[in-house]
Amino acid sequence: MMSLKACKNCHTVTDLAKCPKCGGETSREWQGYLLVIDPDKSEIARKLGIHAAGRYALRVK
Ligand SMILES: [Zn+2]
């Protein structure tokens, strides 16, 4: 059911084995789904260092 993974490097949520954005390793062990629409206006996105709109995980193991 939970087939989505998250990049260990940039936290991007994906269903691929490698991150489509940075090519980093992805993990099934992640928590907290974060949808970023406008990274400039999102405090959480700033804290995580997110500069592009997209789907992210708050925590990745
Ligand atoms: Zn990545």
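This note sets out numbered points on the fold, sheet, core and selected residues of the structure above.

1. Basis of the model. The structure is a predicted model, in which local features need pLDDT of at least 70, side-chain atom pairs count only at pLDDT 80 or more, and totals for chains, interfaces and linings use all residues. Residues are numbered from 1 along each chain as its sequence is written.

2. Secondary structure. Helices (H or I, at least four residues) and strands (E, at least two) are DSSP runs, numbered from the N terminus.

3. Overall dimensions. Along the principal axes, the C-alpha atoms fill a box of roughly 30 × 20 × 15 Å.

4. Of the 61 residues, 21% are buried. A residue is buried if 20 or more other C-beta atoms lie within 10 Å of its own, exposed if 12 or fewer, and partly exposed in between, with C-beta atoms placed from the backbone. Two residues are in contact if their C-beta atoms, placed from the backbone, lie within 7 Å. Among contacts in the protein with a separation of 6 or more, 33% join residues 24 or more positions apart.

5. The sheet. Three strands form an open sheet in the order β2-β1-β3, with antiparallel pairing. Its edge strands are β2 and β3 (26–27), each of which pairs on one side only. Two strands pair if DSSP finds at least two bridges between them; β1 and β2 have two bridges, in the antiparallel sense. Within this region, K5 stands opposite T14 in β2.

6. The nonpolar core. A nonpolar core is a set of buried Ala, Val, Leu, Ile, Met, Phe, Trp, Tyr and Cys residues joined through C-beta atoms within 7 Å. The largest one has eight residues: A6, C7, C10, C19, W30, Y56, A57 and V60. Two or more of these residues come from each of β1 (5–7) and β5, and β5 gives the largest share, three residues. In soluble globular proteins, nonpolar side chains tend to be buried together.

7. Y56 and H11. Not counting residues up to four places away in sequence, Y56 touches H11, T12, V13, L34, V36, L48 and I50. H11 lies in the loop between β1 and β2 (13–14) and counts as buried because it has 24 C-beta neighbours inside 10 Å. H11 also has a positive phi of about 70° although it is not a glycine. Most residues other than glycine have a negative phi.

8. K18. This residue is found in the loop between β2 and β3. K18 counts as partly exposed because it has 13 C-beta neighbours inside 10 Å. Leaving aside neighbours within four places in sequence, K18 is in contact with G23, E25 and T26. K18 and K5 are 13 residues apart in sequence, and their C-alpha atoms are 9.2 Å apart in space.

9. K61. This residue is in the segment after β5 (54–60) and counts as exposed, with 10 C-beta neighbours inside 10 Å. Not counting residues up to four places away in sequence, K61 touches S27, E29 and W30. From K61 to P39 the C-alpha distance is 23 Å, with the two residues 22 apart in sequence.
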